[in-house]
Amino acid sequence: SGDESLGQSLRRMSENPAGRAMMNQGIKAMSAMWFADLVDEFGLTREEEDYFLRLVAGGMSSQQQAGMKMMTAESDAEREALQAEVVEAQEATRDAIKDFLNNDEDFATYEHYNEQLPERQQLEGLRNTMLEAGAPLTREQEESVIEAMYKVRTTKAATTDWKGPGGMEAIVSGDATGKFEQEWQQNSRATEAALGKILDKEQLDAFRRFQTQMKDMQLMSIKMAEKMFQAKKDPAAGDE
């Protein structure tokens, strides 16, 4: 409504049982796509797959709901409490999945796969871009691209975890857009250098187009989050 900011609307949705159920279903559906390769690797039955995905989606839902509430947090103390909730939910999910797998080697495989999730979440879009360019990736190339992108992201000391507490801190500080732009330029150069050994010229050109699309979408999300936080901080700003 005109009397309610987008952040307040999202918070109400996260606190509403029907809204939470709808978000949980959406996250579970996405998790089935993101973790499909790992489910195949583990050879899970339908029942095991359903249980595993409910564990994964539950942890993601908790993080998403806390993120919505952070947009309208009344104080730094409330934001810190919500961040602590996220960490606690992540640890609970990790412990539950470890118990479910009941195998140290499988759990180590899951952890590495989960650490690469930001890259794996891009895989379907990357596949489509490559197919449209007539330069599809082999399965081996896909895994090499994921690993290269993951290494660039995790070996850069200045890289912000935009989906975690670091992203919220950047938004609160008011320099998220500039920080994202700077990190993106550094990481994209390093990624292209690594992929030059994996992709041919046509594939690399298509990858650049895909990366530009990803940048635009992420930047739009960050700008929206900044605007929502600014509207909370200064209600008059929401009317601009």
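Glutamate 192 is partly exposed, with 28% relative accessible area (buried is under 20%, exposed over 50%, partly exposed in between, using a 1.4 Å probe and protein chains only). Before going on, keep in mind that this is a predicted model, where local features need pLDDT of at least 70, side-chain atom pairs count only at pLDDT 80 or more, and totals for chains, interfaces and linings use all residues. Residues are numbered from 1 along each chain as its sequence is written, and side-chain values use heavy atoms, with hydrogens and water left out.

Back to glutamate 192: its salt-bridge partner is arginine 208, with the closest N and O atoms 2.8 Å apart (a salt bridge is a side-chain nitrogen of Lys or Arg within 4 Å of a carboxyl oxygen of Asp or Glu). Arginine 208 sits in helix α12 and glutamate 192 in helix α11 (residues 176-195), so the bridge ties together parts 16 residues apart in sequence (helices are DSSP runs of H or I, at least four residues, numbered from the N terminus). Arginine 208 is partly exposed too, at 34%.

Stay on helix α12, which covers residues 201-233. Aspartate 205 forms a salt bridge there with lysine 201, closest N and O atoms 3.1 Å apart, and the two are 4 residues apart, about one turn of the helix. Lysine 201 is exposed at 64%, while aspartate 205 is partly exposed at 26%. Glutamine 203, also in helix α12, is buried at 5%. Its contacts (heavy atoms within 4.5 Å) include Met130, Pro136 and Gln141, not counting residues up to four places away in sequence.

Now for a longer reach. The structure holds 14 salt bridges, and one of them joins arginine 139 and aspartate 37 at 3.5 Å, N to O. That pair links distant parts of the chain, with arginine 139 in helix α9 (residues 139-155) and aspartate 37 in helix α3 (residues 36-42), 102 residues apart. Arginine 139 is partly exposed at 44%.

Finally, look at helix α5, residues 76-101, where you'll find aspartate 99. Aspartate 99 is exposed at 60%. Isoleucine 97, in helix α5 as well, is buried, with 0% relative accessibility. Not counting residues up to four places away in sequence, isoleucine 97 touches Phe52, Leu55, Val56, Phe107 and Tyr110. Take Phe107: the C-alpha atoms of isoleucine 97 and phenylalanine 107 are separated by 7.7 Å, with the residues 10 apart along the chain.
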